[in-house]
Amino acid sequence: GAHAATGASAFDFPEVTAGIDPDHHVAEGYDADVLLRWGDKVFADAPEFDPTAQSEATQERQFGYNNDFVGVIPLDGAADHGLLVVNHEYTDPHLMFPGIVTIVDGEVQIAEATEERVNIEMAAHGGTVIEIRKVDGKWQPVLDGELNRRITAKTEMAISGPAAGHPRLQTVADTSGRKVFGTINNCAGGVTPWGTYIMAEENIHGYFIGELPEGHPEAANYDRMGIPESAYDWGKYHDRFDVSKDPNEPNRFGWVVEVDVMDPNSVPKKRTALGRFKHEGAESVLNKDGRVVFYLGDDERFDYVYKFVTKGIYNPEDRAANLDLLDDGTLYVARFHDDGRVEWLPLVQGEGPLTEPNGFASQADVLIETRRAADLLEATPMDRPEDIQPNPATGRAYVMLTNNTKREEANAANPRVENAFGHIIEIAEEGGDFAATTGTWEILLKCGDPAIAEVGATFSTETTVNGWFGMPDNCAVDAEGRLWVSTDGNSPSKTGRTDGLWAVDTQGAARGTSRLFYRVPVGAEMCGPCVTDDMETFFVAVQHPGDGGDDWEGFGRPSYYEDLSTRWPDFNEAMPVRPAVVAITRQGGGKIGMAKDQA
Ligand code: FEO
Ligand code: CA
Ligand code: CA
Ligand code: CA
């Protein structure tokens with residue numbers, strides 16, 4: 001049911017009813033139009049998508065799988081013309097390739113990958129840069145856009161910053177330690193003030209197979225990162241993903257990658273100054289003093305919240321002068337004190353315990369093993385830090401902590417043991433200075449069903465039965481400073497609803513009120529919320545629809561030709577279910593979620 005706006009709320013739209021079904025749903029009065037699906041053309045001469053005749057060559061010209069981060073980089077300052085940048089985080093072979101799933105004694109088995117399948121998977125990873133234009137109120141891709149580009153797990157990239165060229169980054173395939181092929185598991189990301197595209201490498205451990213040679217010096221490093229996990233078969237055909245054959249290759253992943261989208265032939269750069277861990281995203285803000293501050297989550301149970309402050313100053317008059325700002329600056333990790341203070345601890349070689357006797361002979365060592373350096377600094381282990389979004393107007397930043405069911409001891413910043421539903425922390429940097437090394441923090445929300453007392457959720461009493469959520473993951477702050485939160489992991493058994501996009505009040509009497517704006521089809525996760533500067537479009541990424549609807553009408557992990565829970569977005573038996581980016585606009589135009597007279 002619709003819920004009338006209270007006077008105090010910053011949002012005004014009719015709330016979507018929470019639930020679960022094969023389709024997506026947006027608030028009444030809005031359109032949710034599919035803009036780009038897996039397999040859609042990224043170039044005018046790309047082949048049409050044919051799920052039964054996939055190849056590496058076709059996938060390299062088509063939109064990749066499992067869209068995650070979405071950003072818009074305006075062209076010529078226009079509100080109706082720009083570059084859409086989209087991460088393709090990972091692949092779901094059971095939903096992509098016909099005939100590879102069998103059920104043996106009730107257990108789902110996925111066939112071992114062929115070399116061809118591995119190469120398609122590698123081409124379906126990475127990112128897409130594609131020109132888009134709004135025509136008659138609707139966005140459409142511009143397939144002959146000269147800046148259109150696919151980035152894959154094979155695209156040549158440079159390693160830059162303090163760790164570039166270090167022996168620990170040198171491999172059989174690249175003795176320079178400066179050149180790497182591809183980027184993997186790009187989760188959230190960012191767009192910089194100078195208009196580049198940031199891709200964050202997250203769960204890189206899954207791509208490696210094999211065993212390190214006995215007594216290899218990287219053993220502790222890889223153990224801390226969970227490498228190898230052998231979730232993919234790539235290492236069977238590409239030696240660099242087998243740590244027994246090319247032991248240093250994992251040190252070349254887990255970085256933040258920057259792409260200069262204005263040159264389609266530019267070599268993307270892995271910016272080592274921002275550390276190596278399971279990077280969720282890299283949202284940034286221009287500080288008052290001209291430095292740029294990037295907030296970085298490390299998405300693992302008991303890992304940390306980071307920020308990076310550039311040494312140099314952003315120059316709005318000279319784009320080229322900003323292009324290497326990310327090679328020099330200070331990386332900090334957060335310690336959340338129980339008394340409500342947050343302290344940002346610099347990860348600088350030679351300071352405190354970050355010394356040669358502890359294995360940090362150079363800044364490169366600190367960056368390659370960021371997690372171990374942060375352990376020694378006694379940063380606060382958190383409940384899986386995901387997207388972190390600064391609000392430039394208030395000097396605050398919102399930290400999504402998605403869940404941590406393994407937490408046995410609570411503390412003030414992680415207040416629940418067996419934290420199944422996650423929480424959101426609001427950081428207020430000292431004096432509104434994003435580069436400050438101190439600040440305060442408080443919990444904005446403890447998530448979960450407020451009707452179940454044991455859950456301990458703290459949504460406001462204005463929040464309806466549709467408005468609460470669990471598992472915050474990505475988020476966005478719009479031009480009015482309003483917070484939007486998207487989720488990963490809501491399901492029938494956990495919360496009786498799909499994932500979606502929720503509007504969360506942070507100010508005044510309505511603080512802690514949440515309402516549902518959009519929800520995804522069964523099995524999907526909600527990624528990439530990106531609101532345009534004019535607030536007239538919300539781009540959202542529907543990731544892995546049809547997957548993991550584990551307890552919906554009794555089906556397990558579906559295969560391509562099995563009974564699928566949904567065939568979104570095509571609803572065509574000849575087409576698999578497909579991840580897609582959706583553009584949400586207001587019918588008749590106007591700003592999203594604003595009262596009619598302000599829209
Ligand atoms: Fe790729 Fe942390 O979600
Ligand atoms: Ca996610
Ligand atoms: Ca974000
Ligand atoms: Ca997640």
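**View 1. Confidence along the predicted model.** Residues are numbered from 1 along each chain as its sequence is written, while chains are lettered from A and ligands numbered from 1 in the order in which they are written. The mean pLDDT of the protein is 94, with 96% of its residues reaching 70 or more. Over residues 1-5 the pLDDT stays under 50, and the model has eight contacts for them beyond four places in sequence, a contact being a pair of residues whose C-beta atoms, placed from the backbone, lie within 7 Å. The stretch 549-563 is also below 50 in pLDDT, and has 35 contacts in the model beyond near neighbours in sequence.

**View 2. The overall fold.** The protein contains seven helices and 33 strands. Its radius of gyration, taken over C-alpha atoms, is 23 Å, close to the 25 Å that the globule rule gives for 599 residues, so the protein is as compact as a globular protein of that length; the rule is 2.2 Å times the number of residues to the power 0.38. The C-alpha trace spans about 60 × 60 × 55 Å along the principal axes.

View 3. Two strands count as paired if DSSP finds at least two bridges between them. Strand 2 and strand 33 (residues 580-586) pair over seven bridges in the antiparallel sense, and Asp33 stands opposite Ala583 in strand 33.

**View 4. Surroundings of Val399 in the nonpolar core.** Val399 and Val540 touch the most other members of the largest nonpolar core, which has 154 residues. Such a core is a set of buried Ala, Val, Leu, Ile, Met, Phe, Trp, Tyr and Cys residues joined through C-beta atoms within 7 Å. Leaving aside neighbours within four places in sequence, Val399 is in contact with Val305, Pro385, Ile388, Ile424, Ile425 and Ile427.

**View 5. Two residues with positive phi.** Asp76, although not a glycine, has a positive phi of about 55 degrees, and is found in the loop between strand 3 (67-74) and strand 4 (81-88). Asp76 is exposed, with 6 other C-beta atoms within 10 Å, whereas Met471 counts as buried with 27 C-beta neighbours inside 10 Å; buried requires 20 or more other C-beta atoms within 10 Å, exposed 12 or fewer, and partly exposed lies in between, with C-beta atoms placed from the backbone. Met471, also not a glycine, has a positive phi of about 60 degrees.

View 6. A cis peptide bond joins Ile227 and Pro228, with omega about -5 degrees. The bond from Trp568 to Pro569 is cis, with omega near 0 degrees, and Pro569 lies in the loop between strand 32 (537-543) and strand 33.

Conventions: Predicted model: local features only at pLDDT ≥ 70, side-chain atom pairs only at ≥ 80, totals over all residues. Helix = DSSP H or I, 4+ residues; strand = E, 2+ residues; numbered from the N terminus. pLDDT = per-residue confidence, 0-100. Contact = placed C-beta atoms within 7 Å.
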